[in-house]
Amino acid sequence: MSSIVTSRANDLADLDIDELVDKLTPGEIQKLLEDCDPDDSQIPPSLRCNYRCDKQPTGPLNKKALADFILDQALNTPDIPDVVPHVPGTLRGKRWTPPSKPKQTLDDDIEISLDLGEDVEIALSTATTEEIVDLAGIMGLHSMMNQDQYHASQSEKAPRADPNIGWQGVTKATPLKVYPQEAPNCTDPDDVLEKIKANNPSTTSVNLNNVMVNENTFLTMFEALERNTHLKELSLANTSMSDTTASVLATVLEVNKTIEKMNLESNNISPQTMAKIFEAINVHQVVTDIKGSNQQAQFLGNKVESAITKAIENNKVILKVGLHFQFGDCRNRVAVQLQKNLDRLRLKRVAHKLSNAGSE
């Protein structure tokens with residue numbers, strides 16, 4: 001049986017479609033067109049409709065006359081009579097009514113008897129509202145109090161909440177704390193430059209944050225830092241430092257052995273130069289705190305972040321890094337290395353304390 005079916009399929013495959021179509025009569029071709037699929041996208045739209053009009057056109061299309069004719073036909077065509085005539089106000093069949101929902105009855109007189117012990121009941125009966133609020137905060141019942149009441153119950157240093165609120169009072173917004181406006185930085189870059197050049201022992205910290213510094217002043221200052229042995233903290237945030245100046249700073253950090261803290265935030269340092277700075281501080285490994293976020297480039301890129309992460313992992317003394325890492329792997333590796341450095345510092349401190357105690 002299978003051989004017969006296979007032979008028939010081979011015979012049909014060998015047939016020529018054009019030859020078969022040529023043998024069809026016009027009536028058979030029309031029958032095939034009428035039986036076609038109207039949703040077939042391979043057929044022209046004009047051939048997808050089964051209706052074929054053989055009448056000759058009587059004249060040009062008159063849209064208004066056609067609309068009037070259709071309206072006249074609709075008005076003159078009688079309506080199909082109803083089997084049961086419609087009578088206004090008469091209800092036939094069964095009207096649907098929604099099922100009634102059981103009403104929930106709340107019994108306000110529910111009493112719960114708890115045996116808390118004689119001492120606890122005496123303490124609660126004589127406790128004030130403020131004491132009960134503190135007790136609720138200690139027990140973690142946050143929904144029964146506002147934020148001020150909760151913080152006041154957790155710490156004695158926190159300001160006490162308004163005693164008039166209690167349980168039934170209206171909670172008000174906490175007044176905002178007003179802090180005085182920070183005074184502008186009036187440091188003179190030229191004065192700082194002279195002190196760094198003179199290697200002044202009293203100049204251990206330089207703060208030029210939010211001060212626009214000339215590029216030539218930066219270059220002269222960094223050149224003097226190569227010979228400076230007293231400066232420990234350098235803050236240059238928002239000073240319009242260019243990428244060229246930052247490259248010179250990276251070279252200086254390979255020579256300087258005293259700078260421990262640096263702040264380079266909000267400048268125009270490129271990601272590649274930032275990576276050079278992190279590699280430069282590994283030469284002497286003296287810097288413990290460095291900040292370099294909010295630069296002109298919003299993201300450092302995977303290649304730069306990997307280079308910075310590798311440099312931090314090779315540093316045994318750095319404790320704080322103020323830099324935004326986009327990739328989670330780099331961020332986690334940096335956090336792990338900083339934690340290792342903190343643990344290493346803590347162990348040294350404990351060992352030093354034990355050695356001093358043993359010598360005494």
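There are 4 salt bridges in this structure, counting a side-chain nitrogen of Lys or Arg within 4 Å of a carboxyl oxygen of Asp or Glu. Bear in mind that this is a predicted model.

Start with Glu 19 and Lys 23, whose closest N and O atoms are 3.8 Å apart. Both belong to helix H2, residues 17–23, and at 4 residues apart they are separated by about one helical turn.

Next, helix H4, residues 63–76. Here Asp 68 and Lys 64 are again 4 residues apart, about one turn of the helix. They form a salt bridge with the closest N and O atoms 3.2 Å apart. Asp 68 is partly exposed, with a relative accessible area of 39%, and Lys 64 is exposed, with 61%.

Then there is Arg 333, which forms a salt bridge with Glu 313; the closest N and O atoms are 2.9 Å apart. This pair links distant parts of the chain, 20 residues apart: Arg 333 sits in helix H13, residues 328–359, and Glu 313 in helix H12, residues 302–313. Arg 333 is partly exposed, with a relative accessible area of 30%. Glu 313 is partly exposed too, at 24%. Asp 329 joins Glu 313 and Arg 333 in a network of salt bridges.

Now the sheet. It is an open one, made of 5 strands in the order S1-S2-S3-S4-S5, with parallel pairing. Which strands stand at the edges? They are S1, residues 205–207, and S5, residues 320–322; each has a single partner strand, so one side of each has no neighbour in the sheet. On average, neighbouring strands are turned by 5° against each other, direction ignored. S1 pairs with S2, residues 233–235, in the parallel sense over 3 bridges. In one of these bridges, Ser 205 has Glu 233 in S2 as its partner.

Last, the helix pair. H9, residues 215–225, and H10, residues 243–253, pack at an angle of about 5°, with their axes 9 Å apart. Angles under 35 degrees count as roughly parallel, so H9 and H10 are roughly parallel to each other. From H9 the contact takes in Glu 215, Phe 218, Leu 219, Phe 222 and Leu 225; from H10 it takes in Thr 244, Thr 245, Val 248, Leu 249 and Val 252. By class, that contact has 7 nonpolar, 2 polar and 1 charged residues.

Definitions and conventions. Residues are numbered from 1 along each chain as its sequence is written. This is a predicted model: local features need pLDDT of at least 70, side-chain atom pairs count only at pLDDT 80 or more; totals for chains, interfaces and linings use all residues. Side-chain values use heavy atoms; hydrogens and water are left out. Axes are lines fitted to C-alpha atoms, for helices over the stretch in contact, and angles run from 0 to 180 degrees between N-to-C directions. Helices (H or I, at least four residues) and strands (E, at least two) are DSSP runs, numbered from the N terminus. Angles under 35 degrees count as roughly parallel, over 145 as roughly antiparallel, 65 to 115 as roughly perpendicular and the rest as oblique. Contact means heavy atoms within 4.5 Å. Ala, Val, Leu, Ile, Met, Phe, Trp, Tyr, Cys and Pro count as nonpolar, Asp, Glu, Lys and Arg as charged, and the others, Gly among them, as polar. Two strands pair if DSSP finds at least two bridges between them. Buried means under 20% relative accessible area, exposed over 50%, partly exposed in between (1.4 Å probe, protein chains only).
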